[in-house]
Structure formats: structure tokens, C-alpha cells
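Notebook open. Today I look up a sheet first, then the aromatic rings.

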Amino acid sequence: METNEKENVEVIDYANTSEFMTFELGAMKYAIELPKIREILTYPENITILPNTSSWVKGLINLRGEVVPILDVRIKFNTNENPVYDENTSVIAVITEDSRMIGIVVDLVDDVQRLDTSTLA
């Protein structure tokens, strides 16, 4: 972004920006690029539990005819010792690089932000 001195207004270079959905895991805020998100769901009640899996693998759901694994990344990344499943808990259905879909459980879906991708690590 550059500043136009005449009007003291920031000019955004949209060529280097992308829209991201921000969400919270514990006290930290994260983001996923918007085109990778298929859908945002409330935490489903009808998850098919898989035997002999890690505690962060919650199970499978049927999302519009597609079988989607639900992964609680709050447990995987140890962001909260006792994760709560309440009205703020959401599942973000994300399309992976190999065109599969996974659902990640997050504490709170925040909003969409346009970020300068050249500043991301």
C-alpha cells in the first residue's frame, strides 16, 4: 500500500491482495483464503464417530452428498485444554490442495478481510 501525499489517502494495490476468512482458535486469530472455503457450518450433531482414531479426529459427516472428515484442530494444536462446543463453535469446510474436503472445528468464525499477500510469511 502506498500513501498519496496530496490527499493523504492510502492506495491499495489489489494485485497483491486476497480475501481471507478469519477465525479464532483459543486466543489466537488465523485466516484461510476465501476461495478455499466451501461452507461454514454450526457444529453438527450427527457426526459418525470413527473407532481407533486420535481424539482430534471427531468423525465424518455427509455434506451435500460428500463424506467429509471433521478435525478439531483446537485439540490437535492444543489451543484449549477443554474445548467447548457451543453456539459459537463452527466447522469450516475447506477444499484441500488435492481437491478433497475437510471440516475444521474452530472456536469462532470472525469476518472476511482483504490482506496484502506480499506481507504474509
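I started with the open sheet: three strands in the order E4-E3-E10, paired antiparallel. Strands here are DSSP runs of at least two residues, helices (H or I) of at least four, numbered from the N terminus; two strands pair if DSSP finds at least two bridges between them. At the edges I found E4 (28-33) and E10 (108-116), each pairing on one side only.

Next I checked E3 (residues 17-25) against E4: six bridges, antiparallel. Phe-20 has Glu-33 in E4 as its bridge partner.

A note on provenance: this is a predicted model, where local features need pLDDT of at least 70, side-chain atom pairs need 80 or more, and totals for chains, interfaces and linings use all residues. Numbering runs from 1 along each chain as its sequence is written, and side-chain values use heavy atoms, without hydrogens and water.

Then the rings: I have two aromatic pairs. Phe-23 and Tyr-30 are stacked, because their centres are 6.0 Å apart and their planes at 25° (centres within 6.5 Å make a pair; planes under 30 degrees are stacked, over 60 edge-to-face, the rest tilted). Phe-23 is buried at 5% relative accessible area, while Tyr-30 is partly exposed at 33% (buried is under 20%, exposed over 50%, partly exposed in between, with a 1.4 Å probe and protein chains only).

Tyr-43 and Tyr-85 are tilted, with centres 4.7 Å apart and planes at 50°. I see them 42 residues apart, Tyr-43 in the loop between E5 (37-42) and E6 (57-63), Tyr-85 in the loop between H1 (73-76) and E8 (90-95).
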